[in-house]
Amino acid sequence: MTPLADTASAGRNAADLSAYALDLLRPEWLFGLILLPALWALYRRSLVDFDRGQRIASLVVRSAVVVLLVLALAGLTLLRPTDERYVAFVVDESLSVGRADGADRVRTFLEAVGEPPAGTEAVVLPFAAEVGEPVSLAEYLAPPEEATPGGAPPRGDGEPDSTQEDDERLRGTDIAAAIRTALAAAPPDKVRRVVLLSDGNETAGDAVAAALAQAGRGGTGAGRGDRIDAVPLPTREEPEVAVSEVLVPAQVARGEPFFVEVAVDANHADEATVEVFRGPLKVVSQRETLEPGENRFRFRQTVERDRLAEYTVRISGAKQDALVDNNAATGLVYAAGKPRALLIDSAPDAARSFVWALGEEDVEVDVRPPRGVPEDVADLQNYEVVLLGNVPATDLSSRQMEVMRTYVRDLGGGLIMLGGDQSFGLGGYYRSVLEEVLPVRSDFEKEKEKPSLAMVLVIDKSGSMGGMKMELAKDAAVAAVELLGPKDQLGVVAFDGSPTWVADVRPASDSVALSNGIASIAAGGGTNLHPAMTEARDALRRAAAKLKHVIVLTDGRSAPGDFDGVTRDLVADRVTVSTVGVGEGADMNLLEQIARTGGGRSYFTDDPGNIPQIFAKETITASKSAINEEPFVPQVIRPTAALNGVDMETAPFLLGYVVTRPKATAEVILGTETGDPLLAWWRYGLGWSVAFTSDAGPRWAAEWLPWEGFGPFWAQILRHTMRKGGGTGSTVQMARTGDTVRLTLDAADPAGGWRNDATTEVTVIDPALGSRTVPARQTAPGRYEAEFEAPEDGAYHAEIVQTVDGRVVARQSRGVTVGYPEELRLRPTNETLLKAVASAGGGTFDPAPAAVFAPDDATAPDPLPLWPDLLATALALWLLDVALRRVDVPALWSRLRT
């Protein structure tokens, strides 16, 4: 045994008796002592004629039995002092710690600590954003060939272990979680010691608070000898430059000059090119000299058109730069000015008259084709309202539709869908994300005079169609059943190597049988399309319907067959054929040829999520029941202030519209002569959604274009739908610290005073389009504050809404961008935090290795349960009590004496 162990053993043997204590694990059982008065009452009423002294002795013994049983049930425990220790070396392995120098410092310190003495357990707990599994000190320091399976590899080689490990190191540093885990893993009957080895640059949690709560400063460790020491580690020393901050004003007026201020950190002298981008446009490129430390540069800018300008600053061309991930950062600027609208139209040239009329009404309109639909919220934030012209859902991705829904629901934007032969149901919007937003439905009851339709769906069920593609194809087929009228017919033939009728051609009103058959489709097998098309041809020859149509869906290449012949047979039978290719494996040459010969349409999508929209579009197009092209005069159904000054009595004829149905809570403002909705709107989330089922171009609105009310009508509809501001005089600041963003609103009323006691809510949109609402609390006159977590990279948009007595009085949009992880910032070792952790934990900052296992007077309670002894004593006393109640002791004693 070492002298240090001898000293520790002597300390345990000489433990002060005053350190012993008793504890009750279940003190509620002490209520059992109320049995004692009952025992004493029975003693007074007892008819036993034994000697009084014997009866008192029995009472005392019986009372002692009750007390002992109650104490055993209450968990009486003896707390004995022990100086046995559990020492956890908590090692920071995050990316901010120098890979080589930090690992060398850890290994040198741990080797200098030496082997733990007898009675001491020592483990190493590595951590970064998450805490790893503990390993013994000896195992951690063992050479690679001696490390046991599952143990930690030796640190300090300076080489990355794996991409997965680097990802973990990159995610952050949570010192607080590491401290809590280390203390929680310690046995309760040992003195707990934590030795934190870190650079102190935490990116999550509160290490000082964790040390206070867990290490005997008013937390669970109160009364123990627990301690937390802190050992500083060096940060990365590789040559590095990084963009640490981009400072821009939260809001400016359009055309107002402002400065983009850039902070670039460097740990060595260097040169770099600083580039500033506004969106995709490069506006600044300068070569700058960098000094060690922080370097600041300012660039004068203005925002002329955008409502939201995203300024990204990048540095490049440094002579020495170990990491490139931290070479860019972004700031967001909101600009107030003239309202802007975005028009998405498949034929932009046809919208010229519409755009010109709105410009005359002082509404600025940008026109884009469908491929220009924004795929992120930041782009849509430049507009107060978005108009969808004659754009089919099949031209929009799932992401684009989700972005538009978020824009309306959570950011208060406006959406208007115009009619056309590629919009509403004809555009395939049935059961889409955008149909949820719109105030009208794309399904409808077919008119009796419309021709009946017989349709067959030919669906590939080969092995490559497994998973999500198969499920979406089945969903699309079920949606087709829902869109058909009661006189229409539908059949579904699925094919792999051979065709299988999962639902014979039958009336669409037999929806249960059709849906059950569709649900039974399971993927597996090869791909042979020709026999399935032959089956569809033969079935439609037997069907009685004025219109007949086939939709073919496949994701692969079919076995050879006479496709031209079977398609021509279908055409001869007056059957049209459309095709859908899914994914790069689809034989689009064949599918396009079939659609061309069959007089239908050919679609290709690499997003299986588009399949339901394609099927819906095809079903409604084939049924020829969604368009009414008979001239009509709009009818005012519900007067509205939004059309004040527009004389609808003088409105000319419209030449057609798309048939839809209004949703239950929608307001129908204008209707057709047949009662179908023409103009309908409703509030969706924070914004407005409008449906105008005719168009604003030369096909159906040719008579409206020269009408003097055309421009005012549309300008007022747009202004009704637009997102409302109302934040004049108010300022918003957003500051990010770690993963937390603090929003501060200083709200002024129209008179210039502070707006107090307003209900203020902040709707936050994260980069994945998730939304959450955070209440803001008033902290000073006119000042409201809110906090939200922003753990992921990307732009976070906040819609701030203030209400007074249920009425919206102000609404503003702001945003903040989360760039590269905090681990990639250039920062020195945070000795201030490490000293605070050591002080809060009752330990030492930068202790000598020899002091870690040095003996001291610290003890921990070692619990010894007393219930076995209590029960044994109670049993012995119970036997004595039985004897005292059955035997006359004085008489027995007298007989024994004689």
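What does D362 count as, judged by its relative accessibility?

Guide: D362 counts as partly exposed, because its relative accessibility is 43%. The cut-offs are these: buried is under 20% relative accessible area, exposed is over 50%, and partly exposed lies in between (1.4 Å probe, protein chains only).

First, some ground rules. This is a predicted model: local features need pLDDT of at least 70, side-chain atom pairs count only at pLDDT 80 or more, and totals for chains, interfaces and linings use all residues. Residues are numbered from 1 along each chain as its sequence is written, and side-chain values use heavy atoms, leaving out hydrogens and water.

Back to D362. It sits in the loop between helix 9 (352–360) and strand 17 (364–368). Helices (H or I, at least four residues) and strands (E, at least two) are DSSP runs, numbered from the N terminus. The phi of D362 is near 65 degrees, a positive value in a residue other than glycine. Most residues other than glycine have a negative phi.

D757 also has a positive phi, about 60 degrees, and is not a glycine. Its loop runs between strand 35 (740–746) and strand 36 (759–765). D757 is exposed, at 69% relative accessible area.

E823 lies between strand 40 (807–818) and helix 20 (831–840). E823 is buried, yet it has no salt bridge. A salt bridge needs a side-chain nitrogen of Lys or Arg within 4 Å of a carboxyl oxygen of Asp or Glu. The nearest side chain of opposite charge, R827, is 5.0 Å away. Lys and Arg count as positive, Asp and Glu as negative; His and the chain ends are not counted. The side chain of E823 does reach the backbone nitrogen of S96, at 2.8 Å.

The expected span is 1.5 Å times one less than the number of residues. For helix 18 that gives 18 Å, which agrees with its end C-alpha atoms, 18 Å apart.

Three strands form an open, antiparallel sheet in the order 8-10-13. Strand 8 (241–247) and strand 13 (293–301) stand at the edges with a single partner each, so one side of each has no neighbour in the sheet. Strands pair if DSSP finds at least two bridges between them. Strand 8 and strand 10 (residues 258–266) are joined by 6 bridges.

Methods
A polar contact is a pair of N or O atoms within 3.5 Å; within protein, one must be able to donate a hydrogen and the other to accept it, and residues adjacent in sequence count only if both atoms are side-chain atoms.
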